[in-house]
Amino acid sequence: MNQERVFKVLLGPHVTEKSAVIADEHNQFVFKVAQDATKPEIKKAVEQLFDVKVDGVRVLNMKGKTRRTIHGLGRRQGYRKAYVTLAEGQTIDFAGAE
């Protein structure tokens, strides 16, 4: 997988309270990914970008929230996120990536 595709597959980390708890307890990290990204592509991208061993990938589509606007009902854009499980002893440090 070339470097350009890696950055198109992984859009960034999804940082929430839930993702922080999952990272500590289950060694899983959450990423926002492209709509056309597949599980093998996500696995290769994380392994290549962060130099870790990935055990599994779970992907889900988040629907955009419906919002009431002055012009009627509107809808925010949905996105796709991936829960990436790392092997024992592996970790990703987002603070050190700067």
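This is a predicted model: local features need pLDDT of at least 70, side-chain atom pairs count only at pLDDT 80 or more; totals for chains, interfaces and linings use all residues.
A polar contact, as I use the term this morning, is a pair of N or O atoms within 3.5 Å, where within protein one atom must be able to donate a hydrogen and the other to accept it, and where residues adjacent in sequence count only if both atoms are side-chain atoms. With that in hand, the side chain of Ser 19 reaches the backbone oxygen of His 14 at 3.1 Å, and that side chain also reaches the backbone nitrogen of Thr 16 at 2.8 Å.

Residues are numbered from 1 along each chain as its sequence is written, and side-chain values use heavy atoms, with hydrogens and water left out.

Let me turn to the overall layout. Along the sequence the pattern reads α-β-α-β-α-β-β-β-β, and the C-alpha atoms fill a box of roughly 50 × 30 × 25 Å along the principal axes. Of the 98 residues, 32% are buried, where buried means under 20% relative accessible area, exposed means over 50%, and partly exposed lies in between, with a 1.4 Å probe and protein chains only. Taking contact to mean heavy atoms within 4.5 Å, residues 24 or more positions apart account for 61% of the contacts with a separation of 6 or more.

Back to Ser 19, then, which sits in helix 2, residues 17–26. Is Ser 19 buried or exposed? Ser 19 counts as buried, because its relative accessibility is 10%. Apart from neighbours within four places in sequence, Ser 19 is in contact with His 14, Gln 28 and Val 30.

Tyr 83 lies in strand 6, residues 79–86, and counts as buried because its relative accessibility is 10%. Its side chain makes a polar contact with the side chain of Lys 81 at 3.5 Å. The C-alpha atoms of Tyr 83 and His 14 are 9.7 Å apart, although 69 residues separate them along the chain.

Now to the backbone, and two loop residues. Most residues other than glycine have a negative phi. Asn 27, in the loop between helix 2 and strand 2 (28–33), has a positive phi of about 60°. Asp 51, in the loop between helix 3 (39–50) and strand 3 (54–62), likewise has a positive phi, near 55°. As for accessibility, Asn 27 counts as buried because its value is 16%, whereas Asp 51 counts as exposed because its value is 68%.

Finally, the hairpin. Strand 4 (residues 66–69) and strand 5 (residues 72–75) pair in the antiparallel sense over 4 bridges, pairing being assigned if DSSP finds at least two bridges between two strands. A hairpin of 2 residues joins strand 4 to strand 5, and Thr 66 stands opposite Arg 75 in strand 5.
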